[in-house]
Amino acid sequence: MTKEKPSNGHAYPKPKETSLNRTFLEAWHKEGKLLVQSCKNCNHVFFYPRPFCPKCFSIDIRWLPTNGHGKVLSFTLIHRPNHPAFFAEVPIVLAEIALDEGASLLSRVVGENRTQIRPNSTLTLVSGDMKKNYPLPTFKLVCQSYS
Ligand SMILES: [Zn+2]
């Protein structure tokens with residue numbers, strides 16, 4: 001079923017779909033959009049998908065489309081991935097990203113210049129057909145921060 005195949009032929013591992021993350025996963029797969037959640041009671045914006053607001057515990061929440069832009073809070077380079085789908089793509093860059101909307105998430109950063117990543121680097125979601133390559137929202141560097 002999976003279409004996500006890196007260059008070495010192994011499919012990327014897929015996230016387990018649940019009733020909580022189904023809307024998020026479908027938005028990425030079908031529309032290439034990254035959704036977060038927003039609380040209608042206190043306006044807190046958060047990620048990962050949850051059935052209630054982690055700030056005020058209200059269950060009155062909604063899905064919020066993001067603009068796909070954010071900044072790097074922290075990152076790591078993975079030289080020994082634990083799945084063969086990633087072996088040909090090392091180093092794998094994994095970043096904690098603060099989205100423009102206020103939520104943060106862990107995500108992969110791809111692209112030839114990915115190892116130039118630094119704290120505060122500006123990121124954007126991969127675009128166009130590249131989105132279909134990845135089972136989860138994936139980012140690329142926009143420009144380098146010199147702060
Ligand atoms: Zn709330």
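Phe57 lies in the loop between strand 2 and strand 3, where strands (E, at least two residues) and helices (H or I, at least four residues) are DSSP runs numbered from the N terminus. The phi angle of Phe57 is near 70 degrees, a positive value in a residue other than glycine. At 57% relative accessibility, Phe57 counts as exposed, a class that begins over 50% relative accessible area, whereas buried means under 20% and partly exposed lies in between (1.4 Å probe, protein chains only). This is a predicted model, in which local features need pLDDT of at least 70 and side-chain atom pairs count only at pLDDT 80 or more, while totals for chains, interfaces and linings use all residues. Residues are numbered from 1 along each chain as its sequence is written, and side-chain values use heavy atoms, with hydrogens and water left out.

**The loop between strand 2 and strand 3**

Phe52 belongs to the loop between strand 2 (45-46) and strand 3 (61-65), and with 33% relative accessibility Phe52 counts as partly exposed. Together with Phe57 and Ile59, Phe52 forms a nonpolar patch on the surface, the three having about 350 Å² of accessible area together. Such patches are made of residues with over 30% relative accessible area and no salt bridge, nonpolar side chains (Val, Leu, Ile, Met, Phe, Trp, Tyr) being joined within 5 Å and like charges within 9 Å; the accessible areas come from the Shrake-Rupley method with a 1.4 Å probe, and for residues only the protein chains shown count as cover. Tyr48 also lies in the loop between strand 2 and strand 3, and the peptide bond from Phe47 to Tyr48 is cis, with omega near 25 degrees.

**Salt bridges**

Side chains of opposite charge can pair when their charged atoms come close. A search of the whole structure finds four salt bridges, each defined as a side-chain nitrogen of Lys or Arg within 4 Å of a carboxyl oxygen of Asp or Glu. The table gives some of them.

| Pair | N to O distance |
|---|---|
| Arg22 and Glu17 | 2.6 Å |
| Glu31 and Lys33 | 3.4 Å |
| Lys40 and Asp60 | 3.8 Å |

Lys40 lies in the loop between strand 1 (35-39) and strand 2, and Asp60 in the loop between strand 2 and strand 3, so the pair ties together parts that are 20 residues apart in sequence. Asp60 is partly exposed, at 39% relative accessibility. In the pair of Arg22 and Glu17, Arg22 is partly exposed at 34% relative accessibility, and Glu17 is partly exposed with a relative accessible area of 41%. Glu31 is exposed, with a relative accessible area of 52%, whereas Lys33 is partly exposed at 40%.

**The largest pocket**

The largest pocket has a volume of about 570 Å³. A pocket, on a 1 Å grid over the protein atoms alone, is an open set of points with protein on both sides within 12 Å along at least five of seven lines, the probe being 1.4 Å, and lining residues have an atom within 4 Å of a point. Its volume is the space filled by probe spheres set on the points, which are joined across faces, edges and corners. The largest pocket is lined by 27 residues, of which Phe86, Leu94, Arg108, Pro135 and Leu136 lie nearest its centre. Helix 1 (22-31), strand 5 (92-99) and strand 6 (104-110) each supply at least two residues of this lining, and the largest share, four residues, comes from strand 6. By class, the lining has 21 nonpolar, four polar and two charged residues.

**Other backbone features and distances**

The peptide bond from Val90 to Pro91 is cis, with omega near -5 degrees, and Pro91 is found in the loop between strand 4 (69-78) and strand 5. Asn120, in the loop between strand 6 and strand 7 (122-125), has a positive phi of about 80 degrees although it is not a glycine, and Asn120 is partly exposed, with a relative accessible area of 36%.

Ala11, placed in the segment before helix 1, is 74 residues from Ala85 in sequence and 5.8 Å from Ala85 in space, C-alpha to C-alpha. His79 lies in the loop between strand 4 and strand 5 and counts as exposed at 55% relative accessibility. The C-alpha atoms of His79 and Gly128 are separated by 27 Å, with the two residues 49 residues apart along the chain.

Conventions
Nonpolar A, V, L, I, M, F, W, Y, C, P; charged D, E, K, R; others polar.
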